[in-house]
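Here is a short note for a colleague who is opening this structure for the first time. Please read the points in order, with the model in view.

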Amino acid sequence: MPATIPSHAPDPAVPGGPSAWRQFAALVGFLALSWTVSFVGSLPIRTAAGGWYALADKAPWTPPGLMFTSVWLVLYAAMAVAAWLVWRQRRLPRRRALTLYGLQLALNLLWPMTFFGLYPVLGTAALWLALAVLAALFLTAVLTVLRFGPISQTAGVLMLPNVSWLVFSASLNLYAAVSN
C-alpha cells in the first residue's frame, strides 16, 4: 500500500528556495519589524501611563502594566514567526496573506496612537474611535489566520493568541469608552 503525505505535513526544503542564511536573515527581519511596531506603539502608552490614563476608570479585570509588556513581547514574536513561516513557504501564493499581516501590523500601531494618543485631544470620542480601529484589527487578524492556515498550519495557529488578546483588549477598550 503506497504511503500518503498528509496535507499539513511540515514543509520540505524547496529546491531553489531561500538559503539557510537568507531564511535566518528574514526571520530576524520579521522579528525586528514586529518588535519595532510594538515599541513605537508603546510610546503613547508610556506617555499616557503617568497622565490621563493613570486617572481613568479602568475595567476591574485590567492586568498590571508589566503583564501587557510581557504579553506583547510574546505575541509580536509569535506573529513574526508566523509571517516568516508563510514567507518561506514557496508552494502556495503568499502575497495576500503577507499583505494582511502588514495591514494588521499597521492597525496594531494605529490603535495605541488612537486610544492613548488622541484622548487628550478628543476625550471619550478617541476611545470609541480606538474601539473601531480595534474592530478592524480583529477582522484583519482573523483574515490573516484564515490566509496563513492553508499556507502553514503552524503559522495560522501562532496567530490565534493575538486574536484572543484582541478580544480581551476590546473588552478593556469598551469599558474605558463607556466609563470615561
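**Notes on the fold, the helix packing and the pocket**

1. Start with the chain itself. Along the sequence, the pattern reads α-α-α-α-α-α-α. That is 7 helices and 0 strands. Bear in mind that this is a predicted model.

2. Next, the overall dimensions. Taken along the principal axes, the C-alpha atoms fill a box of roughly 65 × 35 × 25 Å.

3. Now take helix 3 and helix 4. Their axes lie 10 Å apart, and the packing angle is about 160°. Angles over 145 degrees count as roughly antiparallel, so helix 3 and helix 4 are roughly antiparallel to each other. Helix 3 passes helix 4 in a left-handed crossing.

4. Which residues of helix 3 and helix 4 make the contact? Helix 3 brings Tyr76, Met79, Ala80, Ala83, Val86 and Trp87. Helix 4 brings Ala97, Leu98, Tyr101, Gln104, Leu105 and Asn108. By class, this contact of helix 3 with helix 4 has 10 nonpolar and 2 polar residues, with no charged residues.

5. Helix 4 also packs with helix 6. The two axes come within 8 Å and cross at roughly 160°. That angle makes helix 4 roughly antiparallel to helix 6. The crossing of helix 4 and helix 6 is left-handed.

6. Helix 6 in turn packs with helix 7. Here the angle is about 165°, with the axes 9 Å apart. Helix 6 and helix 7 are therefore roughly antiparallel to each other. Helix 6 passes helix 7 in a left-handed crossing. The contact of helix 6 with helix 7 has 23 nonpolar and 8 polar residues, and no charged residues.

7. Then look at the largest pocket. Its volume is about 770 Å³. The lining of the largest pocket is made up of 38 residues. Closest to the centre of this pocket are Ile45, Phe68, Thr69, Trp72 and Phe116.

8. Which helix supplies the largest share of the lining of the largest pocket? Helix 1 does, with 9 residues. Helices that each supply at least two residues of the lining are helix 1 (20–49), helix 3 (65–88), helix 4 (95–117), helix 6 (124–151) and helix 7 (153–179).

9. To recap, view the packing pair by pair. Helix 3 and helix 4 are roughly antiparallel. Helix 4 is roughly antiparallel to helix 6. Helix 6 and helix 7 are roughly antiparallel too. Then return to the largest pocket, where helix 3, helix 4, helix 6 and helix 7 are among the helices that each supply at least two lining residues.

Definitions and conventions. Residues numbered from 1 in each chain as written. Predicted model: local features only at pLDDT ≥ 70, side-chain atom pairs only at ≥ 80, totals over all residues. Heavy atoms only, no water. 1 Å grid on protein atoms, 1.4 Å probe; cavity = no way out; pocket = protein on both sides within 12 Å on 5 of 7 lines; lining within 4 Å. Points joined across faces, edges and corners; volume = space filled by probe spheres on them. Helix = DSSP H or I, 4+ residues; strand = E, 2+ residues; numbered from the N terminus. Axes fitted to C-alpha atoms, helices over the stretch in contact; angles between N-to-C directions. Parallel < 35°, antiparallel > 145°, perpendicular 65-115°, else oblique. Left-handed = near helix turned anticlockwise from the far one by under 90°. Contact = heavy atoms within 4.5 Å. Nonpolar A, V, L, I, M, F, W, Y, C, P; charged D, E, K, R; others polar.
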